[in-house]
Protein chains: 2
Amino acid sequence: MLVVHKYGGTSVGDVERIENVTNRVAKAREAGDDIVVVVSAMSGETNKLIGFAEHFTKEPAKKEMDMLLSSGERVTAALLSIALQARGYDAIAMTGRGAGIVTTDSHTYARIESIDPRAMHAAIKAGKIVIVAGFQGVNKDGSVTTLGRGGSDLSAVALAGALKADQCEIYSDVDGIYTTDPRIEPNAKKLDTISYDEMLELSSLGAKVLQSRSVELAKKLNVKLYAKSSFSDNVGTLITEESENMEEVLVSGVVLDKNQARVTLRGVSDRPGIAAEIFTMLAEANIHVDMIIQNMGTDGSTNLGFTVPHSEHENAKKLMASFDHDIEGMDFDEHVCKVSVVGVGMKSHSGVAATAFTVLANSNINIQMISTSEIKISMVIDEKYGELAIRTLHEAYELDK
Amino acid sequence: MLVVHKYGGTSVGDVERIENVTNRVAKAREAGDDIVVVVSAMSGETNKLIGFAEHFTKEPAKKEMDMLLSSGERVTAALLSIALQARGYDAIAMTGRGAGIVTTDSHTYARIESIDPRAMHAAIKAGKIVIVAGFQGVNKDGSVTTLGRGGSDLSAVALAGALKADQCEIYSDVDGIYTTDPRIEPNAKKLDTISYDEMLELSSLGAKVLQSRSVELAKKLNVKLYAKSSFSDNVGTLITEESENMEEVLVSGVVLDKNQARVTLRGVSDRPGIAAEIFTMLAEANIHVDMIIQNMGTDGSTNLGFTVPHSEHENAKKLMASFDHDIEGMDFDEHVCKVSVVGVGMKSHSGVAATAFTVLANSNINIQMISTSEIKISMVIDEKYGELAIRTLHEAYELDK
């Protein structure tokens with residue numbers, strides 16, 4: 001079996017932890033697997049380097065940043081290879097370039113364009129454990145590029161795809177994906193399996209575990225993904241294609257997003273182009289909009305609501321104040337949160353949304369906005385009820401069972 | 001004027017010191033020079049990384065070590081480029097690969113084979129300040145290689161040669177080459193000029209300032225070398241070709257080497273091959289021999305003396321004990337030191353050696369061994385007289401004048 005392991009920053013945070021990773025890789029090797037390991041920078045290293053750069057300017061050149069930041073993963077890859085060799089294993093460390101990863105030109109947020117797996121295949125065939133510096137590749141000019149935050153997950157998934165690996169195991173300090181945040185609901189349970197789409201919708205639950213871009217890529221390349229802890233032998237969570245079996249489970253998880261502020265535009269003229277005008281304006285100001293809700297209007301006008309992250313609430317407020325036509329008024333509320341219920345089972349089962357509305361009503365929680373997709377229901381409520389809503393929903397869908 | 005600057009680890013030890021280097025480069029730029037800057041890793045970084053590797057094994061694979069260690073210089077190069085850009089200068093950071101440096105295959109002690117200066121020339125022509133990560137290149141397979149300790153000096157000299165730069169300025173925390181160690185003789189004076197050969201003979205005086213290999217390369221490529229401090233505006237010392245003018249100066253410096261232990265083999269048979277046998281044996285045991293002295297013998301036998309570093313004294317002793325033929329006896333003394341007098345003027349002036357012997361005798365310092373080369377006289381004496389000998393010789397040759 002050919003397996004790609006990926007170890008995040010906390011898993012390789014110091015030499016003792018690299019020793020621990022060495023043990024895990026060695027064990028998998030002894031079990032007979034061919035292994036490619038992708039590593040992140042030691043935890044804290046990337047932020048330290050960013051801090052150095054920001055000493056000089058808040059906007060360092062992206063090309064230089066890539067040269068700077070790519071060094072962290074190179075260090076870890078070299079160290080892990082050295083550690084494995086010290087234990088008598090045949091290992092070889094490769095940079096992104098060495099592993100054949102070619103990216104777009106966009107420094108600091110490059111996308112992988114192609115992977116030439118020949119060097120890796122040759123090393124695997126020669127019996128070597130291949131260690132690859134994550135987060136990086138080279139553009140067509142041969143300059144080092146990086147893939148953005150969480151880019152090592154992306155490297156791992158892309159390499160697993162290019163190598164046609166049997167599975168890709170993403171190790172962090174969390175042992176899988178939970179039905180909700182255990183800090184909010186102590187009865188939260190680890191999921192054995194979850195679909196790519198559910199994982200994407202639950203991204204905030206998995207943010208510390210798996211980056212969304214890597215889940216998207218795994219889905220596209222059909223890479224079997226495991227989220228596991230490098231500090232335990234727990235089986236982790238398998239993220240894979242949707243199966244019929246999954247649909248028997250109505251809901252996989254509930255998730256709270258407290259980083260939300262609500263903007264409601266009242267009495268918006270019901271004529272074409274208004275929404276486009278508003279959201280183009282917000283986009284041009286680099287304000288990230290999350291939920292957008294517009295109902296059918298009455299009397300030639302409608303209400304238009306949207307949410308933005310807290311950090312962009314003030315900017316959104318200022319910007320909207322300058323919007324002086326075709327609306328009657330607006331109000332803002334930064335004391336809101338979003339609770340979401342996610343599950344592929346919703347597709348085939350009715351009543352999932354009704355259950356959510358009912359149990360929240362029973363707890364006297366007023367729902368300000370509702371938005372649904374095929375596998376997700378999101379509700380904006382007063383932020384002070386966020387945790388209560390999560391516990392209520394978690395119980396209602398029997399996620400603790 | 002095209003100038004190569006090289007800044008060592010202490011000169012770029014933290015962001016404030018990189019800021020200081022930025023000021024120096026900016027000033028040179030404002031004066032109208034084209035500038036290529038070669039940088040070392042921030043002080044302590046390389047040792048930190050070596051420490052990490054040695055946690056796993058005392059003999060890490062050299063290929064991995066190169067990937068590991070080359071990261072330090074990349075970080076500094078990127079940071080200095082960012083700092084210059086933040087000040088409004090057009091700068092570009094290059095790795096060894098980017099600067100076109102191709103080396104031999106020998107990981108961790110590669111030699112530069114060729115430099116393709118086109119990328120640097122293009123950047124210079126475009127008005128950019130070029131910042132190059134020192135200490136590294138790539139071999140023909142495209143793997144990163146490093147040039148060994150002090151390799152950044154070598155990078156700087158080699159780049160200056162390839163670019164046909166007008167001069168190469170090596171910055172450290174010392175402002176030049178002194179007539180002797182100022183900690184021994186407070187009247188030591190900074191030299192304005194010294195020849196390549198003298199610099200090589202005085203290597204222990206200049207060890208903190210300039211690595212011997214880079215002086216040799218500068219001599220070969222005829223690169224005008226300045227040793228300067230990055231913490232002052234002192235003019236530094238010019239290391240260059242010998243000139244007639246220099247020969248008027250009898251002696252450039254005197255130097256003390258306390259890391260010496262003496263081995264004397266008494267009554268060595270005066271037949272061919274004995275010395276070869278002894279030194280082959282020592283070489284095979286990786287014992288580094290410094291001075292070797294053999295006089296014409298009498299009565300078919302002679303005395304053979306040599307010195308080794310303290311750390312190898314015990315090994316040399318053990319090894320020689322196993323040598324059981326063709327010698328009458330041996331004695332060892334680890335309480336010795338070597339004092340050397342260096343100067344191109346010796347070539348054309350007689351009496352330099354005589355002065356040394358006379359003044360040491362006047363101080364009741366017994367000379368145990370003498371060895372001379374064209375521009376150097378070395379004497380082994382009791383180590384307790386080392387400092388006194390240096391001060392005596394320094395005064396005798398009027399080096400404080």
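Predicted model: local features only at pLDDT ≥ 70, side-chain atom pairs only at ≥ 80, totals over all residues.
Within chain A, domain 1 covers residues 2-172 and domain 2 covers residues 253-396. The centres of these two domains of chain A, taken over C-alpha atoms, are separated by 39 Å.

The contact between the chains draws on 25 residues from chain A and 25 residues from chain B. On the side of chain A, two elements give two or more residues each: helix H2 (45-56) and helix H3 (62-86). H3(A) gives the most, with 14 residues. By class, this side of chain A has 17 nonpolar, six polar and two charged residues. Of the interface residues of chain A, 100% are also interface residues in chain B, so the copies meet through the same surface.

Helix H2 of chain B was examined in more detail. H2(B) has twelve residues, 45-56. At 1.5 Å a residue, H2(B) should span 16 Å; its end C-alpha atoms lie 18 Å apart, which agrees. Six positions of H2(B) are listed as buried: Glu45(B), Thr46(B), Leu49(B), Phe52(B), Ala53(B) and Phe56(B). Viewed down the axis of H2(B), the buried residues fall within an arc of 120°, so they line one face of the helix. An α-helix has 3.6 residues a turn, so residues three or four places apart point the same way. The face of H2(B) turned away from the buried side carries Asn47(B), Lys48(B) and Gly51(B), which are exposed. The packing partners of the buried residues come from both chains: helix H1 (15-30) and H3 of chain A, together with helix H3 (62-86) of chain B.

His288(B) lies in a loop of chain B, between helix H10 (274-284) and strand S14 (292-294). His288(B) counts as exposed because it has 12 C-beta neighbours inside 10 Å, and a residue is exposed at 12 or fewer. Leaving aside residues up to four places away in sequence, His288(B) touches Val308(B), Pro309(B) and Glu312(B). Ser348(B) is 60 residues from His288(B) in sequence, and their C-alpha atoms are 32 Å apart in space.

Definitions and conventions. Residues numbered from 1 in each chain as written. Chains lettered and ligands numbered in written order. Contact = placed C-beta atoms within 7 Å. Domains from an automatic or database assignment. Helix = DSSP H or I, 4+ residues; strand = E, 2+ residues; numbered from the N terminus. Nonpolar A, V, L, I, M, F, W, Y, C, P; charged D, E, K, R; others polar. Buried ≥ 20, exposed ≤ 12 C-beta atoms within 10 Å, placed from the backbone. Expected span 1.5 Å × (residues − 1). Arc of directions from axis to C-beta.
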